[in-house]
Amino acid sequence: MKPIFGRGPSLQLRLFLAILLSASLMLADSRLGAFANIRYLLNSAVAPLQYAANLPREMLDVLRGQFSSHQRLLTENKALKRDLLVMKSNVLLLDQLQQENQRLRDLLGSPFVRDERKMIAEVMAVDSDPYSYQVMINKGRVDGVYEGQPVINDKGIVGQVSYVGAHNSRVLLLIDPTNAIPVQVVRNDIRVIATGGGRNHQILLEHVPSSTDIKKGDLLVSSGLGGRYPEGYPVARVTSFTFDNKRPFAQITAKTTVQFDRLRYLLLVWPTDRSKMKHQTAVAAESAPIAPAVTPVNAAAPVTLTTPAVNPIDSTVPTPRKVNNANE
C-alpha cells in the first residue's frame with residue numbers, strides 16, 4: 001500500500017545541503033562582497049533600535065544631573081574654576097612651545113603639522129563576541145566617517161573604523177588580535193610593530209631582536225608610518241621584556257594607555273591633508289635656481305670659454321651643447 005505522504009530527503013542529506021548552502025553564502029560574502037548592500041540596509045534599519053536602546057541611559061543621565069544638590073554644584077563649580085585657571089596658564093605655555101616647535105620644524109623642513117580635524121563620538125554598544133574587540137559609535141557616513149579612520153580619546157589611540165553605516169560605525173580596538181599599529185619608543189626612536197594581545201590593556205611587540213634597546217617602562221607612541229595613524233599619540237608603555245637564547249626574537253608586552261573597558265566618548269580624527277604642502281614644495285623646487293652643469297673631464301679638450309672678448313650674442317652658440325651630447 002502506497003503511503004499518503006511521501007517521504008522526503010533524509011535528515012543527513014538536508015543537513016549536508018544546509019551546510020553547503022551556508023558555506024557558499026559565506027564564501028560569496030567574504031570574497032565577492034555580494035551582500036554588502038544588504039548588510040548596509042539591515043544596519044541602517046537596526047540603527048533606530050540601537051538609538052532607542054541607548055535612550056534610557058541618556059534619560060537617566062539627564063535626571064541625575066537635574067536632581068544633583070545645589071551645594072555639590074557650587075563645589076564643582078569652584079573646583080572647575082580653579083582647574084580652568086591652571087589650564088589657561090598651561091595653555092599660554094603650550095602656545096609658546098608650539099610656536100617654537102613649528103619654527104624648529106620649518107628650519108628642518110619637516111612636513112609634520114598637527115592641525116587635524118576632530119569630531120566627538122559616543123560609544124553606543126560593545127561587541128559581545130569574546131574573540132573580537134569592537135565598539136559601535138553614533139557617527140556614520142552622513143558625518144563623513146570613512147573606513148580606516150583613526151580613533152583616539154584623551155589617553156591615546158583607541159583604534160580604527162572597520163565598518164561605516166549610514167548613522168553609526170564600528171571601531172576595531174587596538175587590542176584586537178587582527179589589529180596592528182607602527183609605534184616608536186620615545187626614549188630612542190626605535191620603530192617596531194605592535195599587535196593586539198587579545199586582552200584588555202595589552203599589546204604585543206613581535207619580531208623584535210633580543211638585542212634591541214627596549215626597556216621596561218618605555219613609552220610607545222604612534223610613528224605615523226603607513227599614513228593610517230597620526231604621529232606622536234601615546235599607545236602603550238612596556239611592561240615586560242623577556243628573551244630566550246633559543247629563540248631569535250624577544251617577548252615584549254606593553255600596557256595600553258587607553259582603558260578599553262571604560263570607553264564612553266571618542267574622537268574621530270581626519271589626518272592633515274598634505275596635498276597643498278606637496279604642491280608648495282613642488283613649486284618651490286621649480287622656482288629654485290638651477291645649478292650650472294659641470295663639464296666632464298673628457299670634454300675639457302675643445303674648451304672655447306677661455307677665448308677673450310666673447311660677444312654676448314656669440315655666447316649663445318650651441319657648440320658646448322654639441323660636445324656634451326657627444327660625450328653622453
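**Exercise 1: Follow a strand to its partners**

Strand β10 (residues 234–242) runs antiparallel to β9, and 3 bridges join the two. Please bear in mind that the model is predicted.

Task: Starting from this pair, find which residue is the bridge partner of Leu-219 in β10, and which strand pairs with β9 over 3 bridges in the antiparallel sense.

Solution. 
- Step 1: Go to Leu-219 and look across to β10; the bridge partner there is Arg-237.
- Step 2: Now look for the other pairing: β9 (residues 219–222) is joined to β6 in the antiparallel sense, over 3 bridges.

**Exercise 2: Trace the barrel**

Task: Work out in which order 6 strands close into a barrel, and find where helix α2 packs.

Solution. 
- Step 1: Follow the antiparallel pairings around the barrel, and you get the order β1-β2-β5-β4-β3-β12.
- Step 2: From one strand to the next, the twist averages 45°.
- Step 3: Helix α2 (residues 36–66) packs on the sheet, where it touches β1, β2 (134–137) and β4 (157–164). The direction of α2 makes about 85° with that of β1.
- Step 4: Inspect the pairing of β1 (residues 117–126) with β12 (residues 265–270), which is antiparallel and has 6 bridges. Within this pairing, Arg-117 has Trp-270 as its bridge partner in β12.

**Exercise 3: Check a helix by its length**

Task: Decide what span helix α1 should have at 1.5 Å a residue, and compare this with the distance between its end C-alpha atoms.

Solution. 
- Step 1: Helix α1 covers residues 11–32, which is 22 residues.
- Step 2: The expected span uses one less than the number of residues, so α1 should span 32 Å.
- Step 3: The end C-alpha atoms of α1 are 31 Å apart, which agrees.

**Exercise 4: Look around a loop asparagine**

Task: Is Asn-179 buried or exposed, and which side chain does its own side chain join in a polar contact of 3.0 Å?

Solution. 
- Step 1: Locate Asn-179 in the loop between β5 (169–173) and β6 (180–185).
- Step 2: Its relative accessible area is 2%; buried means under 20%, so Asn-179 is buried.
- Step 3: The polar partner is the side chain of Gln-160.
- Step 4: Beyond its neighbours within four places in sequence, Asn-179 has contacts that include Gly-159, Leu-172, Thr-195 and Tyr-229.

Terms used
Residues are numbered from 1 along each chain as its sequence is written. This is a predicted model: local features need pLDDT of at least 70, side-chain atom pairs count only at pLDDT 80 or more; totals for chains, interfaces and linings use all residues. Side-chain values use heavy atoms; hydrogens and water are left out. Helices (H or I, at least four residues) and strands (E, at least two) are DSSP runs, numbered from the N terminus. Two strands pair if DSSP finds at least two bridges between them. Axes are lines fitted to C-alpha atoms, for helices over the stretch in contact, and angles run from 0 to 180 degrees between N-to-C directions. Contact means heavy atoms within 4.5 Å. Buried means under 20% relative accessible area, exposed over 50%, partly exposed in between (1.4 Å probe, protein chains only). A polar contact is a pair of N or O atoms within 3.5 Å; within protein, one must be able to donate a hydrogen and the other to accept it, and residues adjacent in sequence count only if both atoms are side-chain atoms.
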